[in-house]
Amino acid sequence: AAARLGVTAEAFQKLEIAATSAGAAPGLMTEAMDKLNVGLGAFMQTGGGPAAEAFKQLGLSSQIASGQIATADQAFYAAARALEGIANPAEKARLSAQLFGRAAGADMLEVLAPGEAALRGYGEAAAQSGRIMSAEMVEKLSAAKLTIDTTSQAFMQMAQVMVGDLIVGSMGFLDTLKPMIEQGKALAAQIGAFLGPSFAEL
């Protein structure tokens with residue numbers, strides 16, 4: 001997920017912890033960073049895109065052009081710092097919506113409220129306390145999950161085959177019983193025919 005959002009696994013964990021520390025709901029940072037990464041990519045390629053106006057108004061366009069801002073997490077902290085200088089709440093909300101999307105933009109104002117320094121501090125404190133997994137650990141966990149998923153899929157396929165074989169075996173067993181069932185039915189009919197008159201006389 002981090003790679004899709006244009007950040008490293010460690011950087012995204014810091015962002016996620018910073019967001020939750022600032023009161024964000026789970027998943028908000030993922031949605032916001034997805035929009036920011038799309039906007040950053042479009043601006044780098046064409047100078048336009050959904051976040052172009054916000055980048056220009058916040059004075060970030062030159063930093064993006066020079067490569068000083070090259071990743072979504074760098075854009076996030078730079079935007080947080082620049083938004084601190086916007087006094088008008090409506091203007092700040094408009095810029096936040098352009099950067100992080102309409103759905104996440106309003107909620108991101110609460111995340112950004114502590115300011116860039118505090119947000120960075122949340123992430124660094126988490127790293128120092130051992131709450132941030134290294135890229136190597138994340139990669140190992142991803143590989144372990146893939147192994148578990150592959151193994152689970154293999155067991156499911158085996159179970160389906162076994163159930164299929166059982167059904168086929170059961171059908172064969174029923175086919176074997178059919179003649180015996182027919183013989184039993186014929187015998188019952190004969191007994192009924194023999195006893196019928198006797199019962200009628202009673």
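**Notebook: contacts, helices and core of a predicted model**

**Entry 1. The chain as a whole.** I began with contacts, which I took as heavy atoms within 4.5 Å. Among contacts in the protein chain between residues at least 6 apart in sequence, 65% join residues at least 24 apart. I note that this is a predicted model, in which local features need pLDDT of at least 70, side-chain atom pairs count only at pLDDT 80 or more, and totals for chains, interfaces and linings use all residues. Residues are numbered from 1 along each chain as its sequence is written, and side-chain values use heavy atoms, with hydrogens and water left out.

I then looked up the secondary structure, where helices (H or I, at least four residues) and strands (E, at least two) are DSSP runs, numbered from the N terminus. The protein chain has nine helices and zero strands. For burial I used relative accessible area: buried is under 20%, exposed is over 50%, and partly exposed lies in between (1.4 Å probe, protein chains only). Of the 202 residues in the protein chain, 30% are buried.

**Entry 2. Helix α2.** I checked the length of this helix against its expected span, which is 1.5 Å times one less than its number of residues. Helix α2 covers residues 28-46, and its 19 residues should span 27 Å at 1.5 Å a residue; the end C-alpha atoms are 27 Å apart, so the two agree. Its buried residues are Leu-28, Met-29, Ala-32, Met-33, Leu-36, Gly-39, Leu-40, Ala-42 and Phe-43. I recall that an α-helix has 3.6 residues a turn, so residues three or four places apart point the same way. The cover over the buried residues of α2 includes α1 (9-21), α3 (52-57), α4 (61-66), α5 (72-83), α6 (89-100) and α7 (102-112). Just after α2, Gly-47 has a positive phi of about 80°.

**Entry 3. Helix α5.** I asked why α5 can be called largely enclosed by the rest of the structure. The reason is that 10 of its 12 residues are buried. Those buried residues are Ala-72, Asp-73, Ala-75, Phe-76, Tyr-77, Ala-78, Ala-79, Ala-80, Ala-82 and Leu-83. They pack against α1, α2, α6, α7 and α8 (116-128). The 12 residues of α5 should span 16 Å, and its end C-alpha atoms are 16 Å apart, which agrees.

**Entry 4. Helix α6.** At the N-terminal end of α6 I found a cap: a side-chain oxygen of Asn-88 lies 2.9 Å from the backbone nitrogen of Ala-90. In α6, Leu-95, Ser-96, Gln-98, Leu-99 and Phe-100 are buried, and what covers the buried residues of this helix includes α2, α3, α5 and α7. Gly-101 follows α6 and has a positive phi, near 90°.

Ser-96 counts as buried because its relative accessibility is 0%. Not counting residues up to four places away in sequence, Ser-96 touches Gly-101, Gly-105, Met-108 and Leu-109. Leu-99, with its neighbours within four places left aside, is in contact with Ala-32, Lys-35, Leu-36, Ala-51, Ala-54, Phe-55, Leu-58, Ala-79 and Leu-83.

**Entry 5. The nonpolar core.** A nonpolar core is a set of buried Ala, Val, Leu, Ile, Met, Phe, Trp, Tyr and Cys residues joined through side-chain atoms within 4.5 Å. Which members of the largest core touch the most other members? Of its 41 residues, they are Met-29, Phe-55, Leu-60, Phe-76, Leu-99, Met-108 and Val-111. The elements giving two or more residues to this core are α1, α2, α3, α5, α6 and α7. The largest share, nine residues, comes from α5. In soluble globular proteins, nonpolar side chains tend to be buried together.

**Entry 6. Aromatic rings.** Rings of Phe, Tyr and Trp (its six-membered ring) pair if their centres lie within 6.5 Å; planes under 30 degrees apart count as stacked, over 60 as edge-to-face and the rest as tilted. My search of the whole structure gave three aromatic pairs. Phe-76, Tyr-77 and Phe-100 form one aromatic cluster. A charge sits over a ring if NZ of Lys or CZ of Arg is within 6 Å of the ring centre and within 35 degrees of the ring normal. Arg-120 lies over the face of Tyr-77, at 4.1 Å from the ring centre.

**Entry 7. Two exposed alanines.** Ala-106 lies in helix α7 and counts as exposed because its relative accessibility is 55%. Ala-113, in the loop between α7 and α8, counts as exposed at 61% relative accessibility. From C-alpha to C-alpha, Ala-113 and Ala-80 are 8.5 Å apart in space and 33 residues apart in sequence.

Technical notes: A polar contact is a pair of N or O atoms within 3.5 Å; within protein, one must be able to donate a hydrogen and the other to accept it, and residues adjacent in sequence count only if both atoms are side-chain atoms.
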